[in-house]
Every structure is written in C-alpha cells, then in structure tokens.
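Me: I have a structure open and want to learn how to read it. Can we go through it feature by feature?

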Amino acid sequence: MGKYSEDGKELLRLVGGRENIAAVSHCMTRMRFVLSDPSKADVEAIEAMKVVKGSFTQSGQFQVIIGNTVSDFYNDFVAVAGIE
C-alpha cells in the first residue's frame with residue numbers, strides 16, 4: 001500500500017464510489033473527476049480531508065486540489081479504486 005492509500009479510499013467513498021466515477025485524471029496539482037452524479041460527492045467532507053487543499057467544479061469536471069504530490073496520490077487512488 002502506498003502513502004496515500006487510506007486517503008485514496010476515503011476520497012473514493014466521498015465522491016460516491018467507483019460506480020460514480022465516469023473518468024479520473026490529474027494535472028500538476030489537482031485530481032480531475034467526471035462524475036456520473038455530481039450530487040453524490042460530499043464536497044464538505046472532501047474539503048475537510050487533511051490532504052485536500054480545496055475543490056471546485058469547472059467545465060463539468062469536479063476538481064480536487066491536492067498539491068505537488070498529486071501524481072503519487074493519483075497512483076494510490078486508482079490502485080485502491082481499481083480504475084485503470
């Protein structure tokens with residue numbers, strides 16, 4: 001398990017589970033989600049996570065700001081989520 005596996009599991013639960021993720025990617029500092037049902041995401045709880053620096057929705061993407069360690073976080077997240 002990676003450094004962010006537990007945080008990844010928590011974020012997966014808070015975005016509504018694997019079945020609510022249509023697509024996920026990342027950029028330099030953010031996780032970018034396309035959610036099947038954005039209302040299932042618990043934004044308040046996501047923003048309360050220690051590893052999360054904020055979130056917003058833009059152009060149909062729910063973006064979670066992680067910071068410079070987003071690449072490592074993403075790798076652990078997709079591993080625990082079972083997403084390729």
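Me: Let me start with one residue. Is Ser-59 buried or exposed?

Reply: Buried means under 20% relative accessible area, exposed means over 50%, and partly exposed lies in between (1.4 Å probe, protein chains only). Ser-59 has a relative accessible area of 74%, so Ser-59 is exposed. One caution about the source: this is a predicted model, where local features need pLDDT of at least 70 and side-chain atom pairs count only at pLDDT 80 or more, while totals for chains, interfaces and linings use all residues. Residues are numbered from 1 along each chain as its sequence is written, and side-chain values use heavy atoms, with hydrogens and water left out.

Me: Where does Ser-59 lie?

Reply: Helices (H or I, at least four residues) and strands (E, at least two) are DSSP runs, numbered from the N terminus. Ser-59 sits in the loop between strand S3 (54–58) and S4. Now look at the backbone. Most residues other than glycine have a negative phi. Ser-59 has a positive phi, near 55 degrees, and is not a glycine. Gly-16, which follows H1, also has a positive phi, near 105 degrees.

Me: How many helices and strands does the chain have?

Reply: There are three helices and four strands. Along the sequence they follow the pattern α-β-β-α-β-β-α.

Me: What is the radius of gyration of the chain?

Reply: The radius of gyration is taken over C-alpha atoms, and the globule rule is 2.2 Å times the number of residues to the power 0.38. For 84 residues, a compact globule would have a value near 12 Å; the chain has 11 Å, which agrees. The C-alpha atoms fill a box of roughly 30 × 25 × 20 Å along the principal axes. Of the 84 residues, 42% count as buried.

Me: Which residues touch the most other members of the largest nonpolar core?

Reply: A nonpolar core is a set of buried Ala, Val, Leu, Ile, Met, Phe, Trp, Tyr and Cys residues joined through side-chain atoms within 4.5 Å. The largest one here has 25 residues, and Ile-21, Val-24, Met-31, Phe-33, Ile-46 and Phe-77 touch the most other members. H3 gives the largest share, six residues. Next, contact means heavy atoms within 4.5 Å.

Me: How do H1 and H3 pack?

Reply: Axes are lines fitted to C-alpha atoms, for helices over the stretch in contact, and angles run from 0 to 180 degrees between N-to-C directions. Helix H1 (residues 5–14) and helix H3 (residues 70–81) pack at about 65 degrees, with axes 8 Å apart. Residues in this contact include Leu-11 and Leu-12 in H1, and Phe-73 and Phe-77 in H3.

Me: Which residues of H1 are buried?

Reply: They are Ser-5, Gly-8, Leu-11, Leu-12 and Leu-14. Their cover includes S1, S2, helix H2 (43–48) and H3.

Me: What separates the C-alpha atoms of Thr-29 and Thr-69?

Reply: These residues are 40 apart along the chain, and their C-alpha atoms are separated by 7.3 Å. Thr-29 is in the loop between S1 and S2. At 26% relative accessibility, Thr-29 is partly exposed. Now take Ala-79 and Ser-39, also 40 residues apart along the chain: their C-alpha atoms are separated by 24 Å. Ala-79 is in helix H3 and, at 59% relative accessibility, counts as exposed.
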